[in-house]
Amino acid sequence: MMFVLGFDSVGMKDVPQVGGKNASLGEMITQLAHLGIKVPGGFATTANAYREFLRVNQLEDKIHQLLDQLNVDDVKALQQVGKAIRGAILAGELPSELQQAVDVAYQTMNLSSEQTVAVRSSATAEDLPEASFAGQQDTLLNVSGIDNIKAAIKTVYASLFTDRAIVYRAHHQFDHLQIAMSAGVQQMIRSDLAASGVMFTLDTESGFDQVVFITGAYGLGESIAQGEVSPDEFYVHKPMLAAGKQAVIKRKLGTKSVKMVYSDSQDDRVKMLNVDSEESQHFCLTDDEVLLLAKQALVIESHYGRPMDIEWAKDGIDHQLYMIQARPETVKAGASKQYIVQYRLTEEATPLVSGSSVGQKIGQGVARVIHSPNDMESLQPGEVLVAQITDPDWEPVMKRASAIVTNRGGRTCHAAIVARELGIPAIVGCHTATDVVHSGDEITVSCAEGETGHVYPGLIAFEKTKTEIKKLPKLPVKLLMNLANPEQAFTHQFLPNAGIGLARLEFIISNMIGMHPNALLNINAMPQAIKEEILKRTAAYASPVEYYIEKLAEGIATIAAAFYPKNIIVRFSDFKSNEYANLLGGAQFEPEEENPMLGYRGASRYVAGNFKPCFALECEAIKRVREQKGLTNTQVMFPFVRTIREAARLTDLIKEHGIERGKDGLKVYMMCEIPANALLAEQFLEFFDGYSIGSNDLTQLTLGLDRDSSLVAELFDERNAAVKVLLKQIISTCKRMNKYVGICGQGPSDHLDLAKWLVDEGIESLSLTPDTIVETWMKLGKSGA
């Protein structure tokens, strides 16, 4: 019997002997090295070795006796049994033949005295498509010397009987003794001197498979898995990466306040250190490194033919990037695509605390704040678990929770992994949740609003809709969607659609940036407190102005990538002066107006002296999305153009900034939302490729009412005869001139009869809110539209 096999002699065919994790390491070493995939070498003990260990130490009967009568839902009994089994394994002796084989294999690694190894667990059923044992067993880092390696192998064997592993096998009806353990001994990469992380070849929350999702933090990667650190996050668009473009479409700076490094003591092996505050405000990877990791992820995904979950590490000595684990992603990859379940809050509320959302559901209940693992048994079924952090020992009670909230961790930490497996919402990295939420409070945990999750006080009303994605009737009109929040793009792209008819920049500016562009352009003239806040927020980027451009580009690119190759129409910013004034540093750049709705907004801003440089930043962001990132499905649109003269000036202005109508297929559209746009349509359309009707403003300006005023709200109706006269004129003029005409106002989403009338008039597209597109599609189909 072989007790040890070198990684360079195993592959996926050897899963029964070395488990999924070690088999995958061997597979990459033997099959992917020539494609640039670097994997640290080492060896694996076999399932035969594990079974021989149990036989020699007469442990099988004892394990059977302890487990046969166990009720895994009895947490205290579970803890006692698990501890007893692990203790018995640790007290055993490795068979002499196994010890000799380990000696030889270790010598073959030919490590220097300074080099150490990781001893990793690899269960023989681990990472099969129907099971995910990730995180259930132990990994020991920075193990030095043969005696410590042998002790670590026993620790890995014992970890087959962690509380979480016992519960998982019991619930999945796996025979505990039919599963064996292989210990992988792998050369350590000095990521303690650099960075490490996890990447997936799909988005872990939506299942969108056209991106690579990469997380990273300083130091050893265990700090991310354990939830000790909130990592940086990066998204790379696969099609544009394959096309050789700068395909990083999104970055999110993690706090990275601590890092795991080597300890001088083999008793501890690793320790946590604080990260310098300045260093933590910068990304742990360069864009070139992010792109290289993404390319390697695609090589691995292509080889395995399925979405993958990959651990990577950067060596701080040779500065190379290494793959240290690869396994199939088993949660989203196996999810049904036959229907879409959507959650939506139906009340407004102010959140108590926010963090990174896991999943897309809404959960609620009574909060149970648990400060110590010793108290986890107090969690009652249906309560919301609120804790500093969780680890595998918590899992037996986590299944009781309706939702999970933690102070620490990122979207690949233990709490996040378990929440996905259990199918419950979780918000991680909230920082202060255990301070602001108290046991007994009723709270609502919402992961339905994008990548940022919010914890609200009370039981907030919400709705859940389940939409079957079946064959939809063919319509004589294209149905597009309106989208403001880029964080919802990956989810909404699964809905049937012909693209995005209106992507608003306002949400990106207010929620993702939060600072007035003029404050960034004129930072040295800002009050000291505002200047310091701006510099703090933008520290990860080359300059405050660069931050503004890149954040705009990231938001736009995320939407464009989600719907690629379908077109998205990006509307240049249309904030009113009072809205811009609310941004950080905005008050000193904005006038006080009696009626901002009719004042300094839209095209009038772009050509004005004090906002012209701000508009140039928006143009630069569009250029980067189209030219550098390659997302030429991005089209642009001007809002609120009052006069023909303004239209002509806008055409010249964007050309000055390198945006040229017709170049690389660029379409330039105009919002048709002022009666003058309808009355003088032929003249306006000389400068644009078409109209997108903004029925909200068109209605209020036609009827002479303020749509924000509750006093006249009942008079606001897009179906008013006067409005329809203008709509009819707009559509007929565009058709006669062979120009695009669509509508992106709220009207068709709210009123099916208006939508049908517009179709009958010959409109080319209806851009609807995501929550109404399927229903409207079906109703239009049934009505014979």
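**View A. Asn142 in strand β4.** Asn142 belongs to strand β4 (residues 139-143); helices (H or I, at least four residues) and strands (E, at least two) are DSSP runs, numbered from the N terminus. Although Asn142 is not a glycine, its phi is positive, about 55°. Asn142 counts as buried at 3% relative accessibility, where buried means under 20% relative accessible area, exposed over 50%, and partly exposed in between (1.4 Å probe, protein chains only). The model is predicted: local features need pLDDT of at least 70 and side-chain atom pairs count only at pLDDT 80 or more, while totals for chains, interfaces and linings use all residues. Residues are numbered from 1 along each chain as its sequence is written, and side-chain values use heavy atoms, with hydrogens and water left out.

**View B. Asn738 in a loop.** Asn738 sits in the loop between α27 (721-736) and β29 (740-743). Its phi is also positive, near 60°, in a residue other than glycine. Asn738 counts as exposed, at 71% relative accessibility.

**View C. The kink in helix α1.** Helix α1 (residues 15-31) has 17 residues, but its end C-alpha atoms are only 16 Å apart, short of the 24 Å that a straight helix would reach at 1.5 Å a residue; the expected span is 1.5 Å times one less than the number of residues. A kink of about 80° is centred on Lys21, the bend at a residue being the angle between axes fitted to the seven residues ending there and the seven starting there. Because 12 of the 17 residues of α1 are buried, the helix is largely enclosed by the rest of the structure. Among the buried residues are Gly19, Gly20 and Lys21. Their cover includes β1 (4-6), β3 (117-123) and α11 (287-304), with contact meaning heavy atoms within 4.5 Å.

**View D. Packing of helices α3 and α4.** The axes of α3 (residues 60-68) and α4 (residues 75-91) are 10 Å apart, at an angle of about 175°. This makes α3 roughly antiparallel to α4. Axes are lines fitted to C-alpha atoms, for helices over the stretch in contact, and angles run from 0 to 180 degrees between N-to-C directions. Angles under 35 degrees count as roughly parallel, over 145 as roughly antiparallel, 65 to 115 as roughly perpendicular and the rest as oblique. Lys62, Ile63, Leu66 and Leu67 of α3 meet Val81, Ala84, Ile85 and Ala88 of α4.

View E. Tyr564 and Pro565 are joined by a cis peptide bond with omega about 5°. Pro565 is in the loop between α19 (544-563) and β25 (568-571).
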